[in-house]
Amino acid sequence: MEHEGPRLPTPRGPLSSGVDAYLRGAGRLPSLEAIARAEVYGDDLQLALYLCYELHYRGFADVSPEREWDPDLLRVRAAMEHRFLSALRADAHVHDSVDEALAGLLVEPVEGTGVSHFLRDEGELWQVREYAAQRSLYHLKEADPHAWVLPRLSGRAKAAMAAVEFDEWGGGRAERVHARLFADLMADLGLDTAYGRYLDAASAEALVTVNMMSLFGLHRALRGALVGHFATVEITSSPGSRRLAEAMRRTGAGPAAEHFYDEHVEADAVHEQVVRHDVIGGLLESEPYLAPDIAFGIDATEFVEERFGTRLLTDWRASRSSLHAPLAQEAAHISG
């Protein structure tokens, strides 16, 4: 029986090969020893973890939906998650105070050097297309990882979180769902809009950013970290989206590409206030002991996004593709 969903991607090592084979019913899962040896932020472990998480979203073609709660697969996933979460806690911990963690987000540097600055000031269309292809892993399911936190919240935090999510899903209008708007952006850029199409192309650093959302969202114990992550996204989105909208206009990306980021400039400026005052404020009011977890979610988000940005800018400044598998249409424009 054929199941809906994207095709399984090409494995990148023994862990992802083992998970891939098991999902196909054609092999054994990787051992705990292999998981312990793998590079925690590397292609193999992160793709294997992504395959496990994607079963909770739309799954994969020809993979039985019953694999979502397969106990052997869940044990392997738990081992990979333990390594991933332990690394994040060790590498990304900066603040114990929510106020201190938020303060750093609320100040825009005078001389910005991130990806949105690069694309606005000097990026080329092939780089815009690469950025969109990698971000499609999240934006084609925008807000979905955060929905898992709703049953874990109560009162003011729950109501405010639901209000922001409702906006992300188009306020009840299918044509305004943000995932749909991103698909329109991709169409403007000549990219395939199929869900999961660019999983093979995405870098390990891009996989990390999406896997972290799934990790936080799927575990009730990490609800504070998920709220911290969500706050970081909403607070930093509006100024970053303004720069990306300018990049779309300057490179001639197209009207839908411009509209996606213009929409986020306005919407996320409002969401920032709601998330800070009502989602975080409401959660701390009811569960003040989650403050360190919220701060960790903020720090971890900044950490993984900085790694992703460094990967992009290092490759682009060397005039080479940032993708694991370069876009075929751009091969003539990329050296290295």
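## Aromatic contacts around Y57

K141 lies over the face of Y57, 4.2 Å from the ring centre. A charge sits over a ring if NZ of Lys or CZ of Arg is within 6 Å of the ring centre and within 35 degrees of the ring normal. This is a predicted model: local features need pLDDT of at least 70, side-chain atom pairs count only at pLDDT 80 or more, and totals for chains, interfaces and linings use all residues. Residues are numbered from 1 along each chain as its sequence is written, and side-chain values use heavy atoms, with hydrogens and water left out.

R307 is placed over the face of Y41 in the model.

| Charge | Ring | Distance to ring centre |
|---|---|---|
| K141 | Y57 | 4.2 Å |
| R307 | Y41 | 4.6 Å |

Rings of Phe, Tyr and Trp (its six-membered ring) pair if their centres lie within 6.5 Å; planes under 30 degrees apart count as stacked, over 60 as edge-to-face and the rest as tilted. The count comes to 6 aromatic pairs. Y57 and W148 form a tilted pair, 5.0 Å centre to centre with 55° between the planes. Y57 lies in the loop between α3 (43–54) and α4 (71–92), and W148 in the loop between α8 (144–147) and α9 (155–168), so the pair ties together parts 91 residues apart in sequence. Helices are DSSP runs (H or I, at least four residues), numbered from the N terminus.

Y57 is buried at 17% relative accessibility. W148 is partly exposed at 23%. Buried means under 20% relative accessible area, exposed over 50%, partly exposed in between (1.4 Å probe, protein chains only).

F182, F260 and Y261 form one aromatic cluster.

Key. Helix = DSSP H or I, 4+ residues; strand = E, 2+ residues; numbered from the N terminus.
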